[in-house]
Amino acid sequence: MNVASQVATVALALVASVVGAAERLRPAADAHVLTVPARISDDPIAVLERQMRGGAADARRVEELATLYLERARQLREPRYFTRAETLLQPWIASDAASASLLNLQADILQNRHDFAAARDMLDRAVRRDPRNAGSRLLRATVNGVQGRFEEARPDCLAVLALGETLAGSACLAQVLGGTGRVAAAEALLRPLQDRGSAWVLSLLADFADRRGDTAGAERHLRNALALQAYDEAARSALCDLLIERGALTEVMELLDLPNLSYGLLVRAARVQALRRDPALSRTRRQLAELESLAERRGDVPHLREQAMLALDVEHDADRALTLAKANFATQREALDVRLLARAALTLKDRATLADLKQWLTSTGFEDRRLTAVRS
Amino acid sequence: MAHEHRLRGPQAHGSQIVSTLRLIAAILAILVSMSVHGHATSTSYLVATDTTADGNVRITWDLSVAELHWAVDLDDDGDGRIRWSEIEAHRAEIGSLALDHLLVAKGGRCDTRPDDFLLATRGGEPHVSLGIHARCRTRGPLELSADLFLRESASQRTLIDVTTASGEFTAALSPGAPRWVEPESPSVLASFAMFVAQGTWHVWIGYDHLAFLVLLLLPSVRFRSGLGEVSRELLQIVSAFTVAHSITLALAVTDAVRLPVRPVEMAIAASIVVAGALNLSPAASRWRLPLAFGFGLVHGFGFANALAEIGSHGGRLVPVLAGFNIGVELAQLSVIAVLLPLLLRMRASPFYAARFLPAASMAMMLAGAAWFAARA
């Protein structure tokens, strides 16, 4: 089911300036302006919305509807559903009596816009409210894991396991092990679970395989993950990166044949276009620049990881890439973040950064075959 | 599959199933969040022009069709395709929704009424572009508050671009700061003083202007004996340079002539090379006056670019231009005041004409050539 294509915007997607007036026009009466999900009378979102408009708002319905909004936001890659969920949750979150599940949903929205500190505060509150809520623990562990705070993540992962959530708990723990020098143990933990239908497990296995140098295995896991969750942007980006590396550029462009490409996926498209010397690159770069200036004007958290990748692989501006990769490394420490920093520092032969990085690799035990140049 | 479970509600195995689903949603959340969505999240764009003294403020407010669709169901036939005719059918409703959430004031609240109703593209997405006419009966700084959709979510932004008699402004309205007030513009004297300082500072830190000036001054002391003669020659050269750059600075600042930055910067670097070369030949000294004037014209464009970088100057052309020019002259005089006594003392020595002058000119020529290469 190609849900993503349901939200195709009109073809008049001319790149308009962020600043100042946009060109204004009067379309023909029958001009097709926007595609939205067709109205389905038994759409669960519509059903719940109708019930709530009828005055039947209670914590359970709010939780149901917010969960559906978040799911749809991801399926349709339509971030406005996050806004909608937040609107719905806000009055409930403001109350001291808010349940851990509602707090988890709000934390999910916060981390989605990379406001990790606020998300962690929200999750701390959720764990205090209900220490037995596995969702809060798991989300908190994952936020910590993404930021490289593996030791803080570990007790939450163990708690998730103790609460009987084997699959999620194992994946959580594997992430911790994988970040702390025990990739082999992490893989051993996850391998029996790889057919349990979790895109997360497959993405983790792909990450581990890649860091061991088994790129073919990594590619296979990522393809399986995407088969499960076509809208998993991280798996799609990671697969693009692997394919670009082995020169399978046509396959990358097939993966990127989607409406509403995110900033991160647009950067992958730019990398392919740069390698192919495709004149479409200038248009992609304009789109990226526009998204950057929009984010800047809005005061959003910048897409540092992808900006560093763009600077390094498309603009070949290692100085800028290093600055961005350093800033990114302060908040995100997954394999890709570490590699970007290492590549920029190696290009510039920046000894200080390389020494810091080496120190971090030694202290965490982070393993990655591609980082041997840093260790030496 | 997920929907099936959820619709079963909290009855049979409800809490366990819901908890597991929440977990998986949470796990996916982290993964999907790692790349950022491609199009704008919840942004509206407001452009206001208040440049006439008659109390009329022109506004266009671009609201995303997707967002409006949530507030006002635009898809009348429910087929998932929003046509322009369907949007126009809701014109009155959209207009009053927008005006209910817009406040325009100048000392007192202004009357607002809807004007035209068009389509604009922002960030590749369709937006309804509402023309709004505000009529203000009182005087005072312009004040805007546009809080449509703002109350509902922390990620909502209204990006505003305002042009008033005192300058151009941009801002982002957010739930934490839903109001913009035109800043009080500095007094004529304050802007004059500020730009005197800016002009002085620009010459002092602008090594290329300094280098050119010094090259013009170095030979003045060589062939003359009396202080009177030296001073007259200096006065002529500095005046020629000043008159020339004042002309082009004024032309550029009033937008009468516009030149791109790079060629101007290259020509300034070239002027240093030429002036240095002329210093090497005593016979060329008669060219120095035309040179000072000719390249003075070029340097004026350079000053204009510097002035443009300093930014919005409140629409007060005369104090800004006069201040900046006087600042430049003061800086030039300060250079002469330091340099002249030194040169007068040195010129008696045979070393000055035979060694120092050619060596210093060569050194600055080389620097000019390097700048030229860097700017090319």
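Predicted model: local features only at pLDDT ≥ 70, side-chain atom pairs only at ≥ 80, totals over all residues.
Residues are numbered from 1 along each chain as its sequence is written, chains are lettered from A in the order in which they are written, and side-chain values use heavy atoms, with hydrogens and water left out.

Let's start in chain A with helix 11 (residues 215-228) and helix 12 (residues 233-245), whose axes come within 9 Å and cross at roughly 145°. Axes here are lines fitted to C-alpha atoms over the stretch in contact, and angles run from 0 to 180 degrees between N-to-C directions. Helices are DSSP runs of H or I with at least four residues, and strands are runs of E with at least two.

Who does the touching? Contact means heavy atoms within 4.5 Å. On helix 11 of chain A the residues include Ala218(A), Glu219(A) and Leu222(A), and on helix 12 of chain A they include Leu239(A), Leu242(A) and Leu243(A).

Now zoom in on Glu219(A), which sits in helix 11 of chain A. Glu219(A) is buried, with a relative accessible area of 11%; buried means under 20%, exposed over 50%, and partly exposed in between, using a 1.4 Å probe and protein chains only. Leaving aside residues up to four places away in sequence, Glu219(A) touches Leu239(A), Leu242(A), Leu243(A) and Arg246(A).

Over in chain B, you'll find 12 helices and 11 strands. Of its 376 residues, 53% count as buried.
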